[in-house]
Amino acid sequence: MPINLPHTVLVVDDNLVNLKMLNTILQGVNYHVLSAENSDEALAHIEKQTPDIILLDVMMPGMNGFSLCRKLKQDEQYSDIPLIFITSLSQQESIIEGFNAGGNDYIVKPFNRQELLARVRNHLHLYDMHKENKRLIALSEDASRSKTEFLASMSHEIRTPLNSIIGMAEVLNDTELTAEQRGFVRIFRSAGESLLAIINDILDLSKIEAGQTETENIDFHLPSLLQSVASIMSVRASEQNVAISIAIHPDVPSALRGDPTRLRQIMINLVGNGLKFTENGSVDIAVRKESETELYFSVKDNGIGIPKEKQQLIFESFTQADSLTTRKYGGTGLGLTICKKLTGILGGSIGLDSTPGKGSTFYFTCKLHPALTDPSPVTVENKTPVTCEMLPAASVLLVDDNEDNRNLLFLYLRNTPFSIQTAENGQDAVALFKKASFDIVFMDLEMPVMDGYEATKQLRKWEKEQGCEETPIVALTAHAFVRFKKKCMAAGCSDYLTKPVLRDTLIQCISKHAQQGKVSAAQKSVPRVSIDRNIKKLIPTFLKNKRADGVQLFRSLEAQDYARLKKDAHTIKGTSWMFGFQELGDLCLGLEKAAEAKDQESAGVSVESIVGYLDDVEIIYVDRNGEK
């Protein structure tokens, strides 16, 4: 970028004497000056060359200066250009109108030359700083996007071989091995899982810093959540002879509303951190009320403790108490950083008390509200291995260009009632799908010839053309970012699994979708409504408008714009009841209530029901006596 070019000043004045005087003054200090005698000429100059500042008279033929100023300030391309009114209008009302129009300064004629140049110089300095800030922000955003794309690419490339490493370790562990061999398998499987945990931590932190962390606002059962955390960590605790306890104060309600997923993530990180530095001891979880809308959580261990001067550092990225800790206990030091950022997202804060040699207590606050419903307690049980007797027969189409991944899934599914056919790219998958019947399709995303997104779209299009019920298509991918999941679902996928995937997870996914069975399109329940034939001409336009409203409902839901969602639901409800669509109005009433409660899950179900109703509704026109 050139750095020593003179600034360009556009002077607009219908008085040629004033115009020439201003030109002389500005050119005398090396500004490049453009002249215009009216607003039309000014706009013509601006379209050819954007000035750095505009000096503008008010009283001119045609469009006056105030109107030109408003026009420029309403245009995003020119709104940042500083604009100084230079006019003989000295009344207070005119000055106020000038600033209300968007002017940056106001000089009354006759003016002082030095004052004029000082004001021009100051506004140009501010404008230069503003442009530089915008440039730096754009560079920062580009760097952030590049980092996100790099992490997404690296995550995909690392997860793909990890899928084979962890998966083959699981398969090998199920074969006949000597004790020594089983120990070897345990080591390389543990190493693979440790590497996966590091990748997940880096991705989690990247998502948070990029503002891509999605939050929930749903009802959940707090004791069940904490029991699930203890259950997840129980094997590790048992290996280290550590007891995990849970204490919830009696005044803490069991049924709460908030983000259980992020709360569980914080708790697992903190409990895992406690276990990491504790042997032959305990990790104690406690919860009490901090205020009516805030809970206080603590995780106490009797491990090695942290020196006081190191305590605040451990919440920083890639930081542990000291290098010896890193070498002995491993890890990236990202877990506590993630906890700090997540507690901030949930409206709380985090801290710790620790004494070297005696242990640490990590505590955090979290904003939670009473539940709107009464969520049932979830029983935490140890999962039993899936046996063949428990599984339904199912035909599986596996689409993946990686031979190792295909071989792994064959090994996963051997000795099961599932039959498997494979395709190495989306194009082959579409051809195979049209020839044979499948109960479920596992679709990789990045493949040669035709990727998984396009293949899914073509499969859905073919099913629609044939009048077939949709076959479950599960994205099976090494991409772990939320945007990839959204893209998959938008393409028509039914579910989403991230590599590396374990055998039980894969089998349970097949079992779930296979048990749902295939219901023919003819067997689907079609909503019907009787409408007065006197308004028959109005109904096609009504349905067209409501379907367009349905698209807006999805947009508002995606943006979590609950105010807009509630307003639109209320509007659709009223017109639906007015035209006789009682069921549609009732669905909108449910959406209105869900939007008011900011219940994203219930709102999502309501929106899908409304759009589905509008797509499928069958109209029966009747006379006033109810006869067809």
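User: How is the model to be read, and how are its residues numbered?

Analyst: This is a predicted model, in which local features need pLDDT of at least 70 and side-chain atom pairs count only at pLDDT 80 or more, while totals for chains, interfaces and linings use all residues. Residues are numbered from 1 along each chain as its sequence is written, and side-chain values use heavy atoms, with hydrogens and water left out.

User: How many helices and strands are there, and what makes a stretch count as one?

Analyst: The protein has 19 helices and 20 strands. Both are DSSP runs numbered from the N terminus: helices are H or I runs of at least four residues, and strands are E runs of at least two.

User: Why is Asp-400 called buried?

Analyst: Buried means under 20% relative accessible area, exposed means over 50%, and partly exposed lies in between, with a 1.4 Å probe and protein chains only. The relative accessible area of Asp-400 is 2%, so this residue is buried. Asp-400 is placed in the loop between β14 (394-399) and α11 (403-413). Across the protein, buried residues make up 44% of the 628 residues.

User: What makes the pairing of Asp-400 with Lys-499 a polar contact?

Analyst: A polar contact is a pair of N or O atoms within 3.5 Å; within protein, one must be able to donate a hydrogen and the other to accept it, and residues adjacent in sequence count only if both atoms are side-chain atoms. The side chains of Asp-400 and Lys-499 make such a contact at 2.9 Å. Contact in general is defined by heavy atoms within 4.5 Å. Leaving aside neighbours within four places in sequence, the residues in contact with Asp-400 include Asn-405, Arg-406, Asp-444 and Lys-499.

User: What is the peptide bond between Lys-499 and Pro-500?

Analyst: Lys-499 and Pro-500 are joined by a cis peptide bond, with omega about -5 degrees. Pro-500 is found in the loop between β18 (495-498) and α15 (503-515). The bond from Lys-109 to Pro-110 is also cis, with omega near -10 degrees.

User: Why is the ring pair of Phe-85 and Tyr-106 called tilted?

Analyst: Rings of Phe, Tyr and Trp (its six-membered ring) pair if their centres lie within 6.5 Å; planes under 30 degrees apart count as stacked, over 60 as edge-to-face and the rest as tilted. By this rule there are 9 aromatic pairs. Phe-85 and Tyr-106 have ring centres 6.0 Å apart and planes at 50 degrees, so their pair is tilted. Phe-85 lies in strand β4 (residues 83-87) and Tyr-106 in strand β5 (residues 105-108), 21 residues apart. Phe-85 is buried because its relative accessible area is 0%, and Tyr-106 is buried at 7%.

User: Why is the pair of Phe-433 and Phe-438 called stacked?

Analyst: Their ring centres are 6.4 Å apart and their planes are at 20 degrees, so the pair is stacked. Phe-433 counts as buried at 6% relative accessibility, and Phe-438 does so at 2%.

User: How do helices α7 and α8 pack?

Analyst: Helix α7 (residues 222-239) and helix α8 (residues 260-276) pack at an angle of about 35 degrees, their axes 10 Å apart. Axes are lines fitted to C-alpha atoms, for helices over the stretch in contact, and angles run from 0 to 180 degrees between N-to-C directions. By class, 13 nonpolar, 2 polar and 3 charged residues make up this contact. Ala, Val, Leu, Ile, Met, Phe, Trp, Tyr, Cys and Pro count as nonpolar, Asp, Glu, Lys and Arg as charged, and the others, Gly among them, as polar.

User: Are Asn-280 and Val-449 buried or exposed?

Analyst: Asn-280 counts as exposed because its relative accessibility is 58%, and Val-449 counts as exposed at 62%. Phi of Asn-280 is near 55 degrees, a positive value in a residue other than glycine. Val-449, likewise not a glycine, has a positive phi of about 70 degrees. Asn-280 is placed in the loop between α8 and β9 (282-291), whereas Val-449 lies in the loop between β16 (440-443) and α13 (452-466).
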